[in-house]
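Here are some notes for a first reading of this model. Please keep the structure open beside them and look up each residue as it is named.

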Amino acid sequence: MQTLKVLSLLLSYPEAEMLEALDEMAAVVEQENLLLEDHKKSVLALIDSYRGADLMDSQEDYVALFDRGRFLSLHIFEHVHGESRDRGQAMVNLLQMYEAHGFEMSTHELPDYIPLFLEFLSQQEQAEAVQLLQDAMPVLSLLGARLTERGSEFRAIFDALAGFAGEPEALEEIRLQAATEGEDETVVNMDEIWEEEVVSFMGAGDACKSQSAAVCRGDRPVAPTVPRDQFVKLQNRSL
C-alpha cells in the first residue's frame, strides 16, 4: 500500500528528495486508487501545492504548524498519555510490534511519530493496517479536526486516513473539542518554555563548542536544506 507511504512523506518535514518525487507520489495515489475519490483529489491538491515551492519556505511553514505546540504534535502517545509513565511503556510496546514485523526504524524519531507509523503500515497487509489505524483514529481525527479549524491543506491526509480506516465513534465530540478549545498553551507560553530550556542548556556547559556558530547565535539558516531538529531550535528561539 504505497499510498500510505506517500501520506507518510507528505506529513514529514519537507526535504529536497520529496520535492523531486512529486510526480511519482501523485502517480501512486492515482494508480493504486486506495483512497475515496474526494480524498484522493485533496491529497493530489496537497502534492500540487509543493510544485514550484521554495524548500526553505515549506520547511518554515511545516515547523510553524507542527513543531510549535502540543495540539498538532505528530506523536500519537503525546495526545494519549501526555508526560505520564504510561507513555514510555506504550513506546516499548510499539517498538516490539515493529520488531515482530521485521520493521527497522531508519530515523531518529520516536516510534509513535505518525509518518513513521504510516510507513510501517504501508508494509502490512491491508486488513491489519486498517485495524491498527482504527486504534489510532481518535487521535488522528482530532489532529484532522484541528487542522480543519486552521484551514490547513494537511487536513487532507487525516481525512484520507479516516476514509480508508473508518471514522471513530466519538467523531462529533472530537470535532466539537477542536472547534471550542482555547489556544495551545505551549504556543502561548513559548517564550517562558524557551527561557527554561536555555537555562538547562547553559547549565550543561559550553555546548556551542560542539555546534556551528550560526546555531549558537540563533542566526537564520542560509543553507538550502536544514535538518528538522536544528530548524526547530532556530525558529523557536526567534519567537
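1. The charged end of Arg146 sits over the ring of Phe71, 4.3 Å from the ring's centre; such a charge is counted if NZ of Lys or CZ of Arg is within 6 Å of the ring centre and within 35 degrees of the ring normal. This is a predicted model, in which local features need pLDDT of at least 70 and side-chain atom pairs count only at pLDDT 80 or more, whereas totals for chains, interfaces and linings use all residues. Residues are numbered from 1 along each chain as its sequence is written, and side-chain values use heavy atoms, with hydrogens and water left out.

2. How many aromatic pairs does a search of the whole structure find? The search finds 7, where rings of Phe, Tyr and Trp (its six-membered ring) pair if their centres lie within 6.5 Å, and planes under 30 degrees apart count as stacked, over 60 as edge-to-face and the rest as tilted. The rings of Tyr98 and Phe120 have centres 4.8 Å apart and planes at 50°, so this pair is tilted. The pair links distant parts of the chain, since Tyr98 lies in helix α7 (residues 86-100) and Phe120 in helix α8 (residues 114-121), 22 residues apart; helices here are DSSP runs (H or I, at least four residues), numbered from the N terminus.

3. Phe120 also pairs with Phe103, and because their planes stand at 65°, with the centres 5.4 Å apart, this pair is edge-to-face. Phe103 belongs to the loop between α7 and α8, 17 residues from Phe120. Both Phe103 and Phe120 are buried, as are both Tyr98 and Phe120; buried means under 20% relative accessible area, exposed over 50%, and partly exposed in between (1.4 Å probe, protein chains only).

4. Tyr13, Tyr62, Phe66 and Phe154 form one aromatic cluster.

5. On which residues does the buried side of helix α3 (residues 22-32) rest? The buried residues are Leu22, Met25, Ala26 and Val29. What covers the buried residues includes α1 (2-10), α2 (16-20) and α4 (37-49), with contact meaning heavy atoms within 4.5 Å. Just after α3, Asn33 takes a positive phi of about 55°.

6. Met56, in helix α5 (residues 55-66), counts as buried because its relative accessibility is 10%.

Note on methods
Helices (H or I, at least four residues) and strands (E, at least two) are DSSP runs, numbered from the N terminus.
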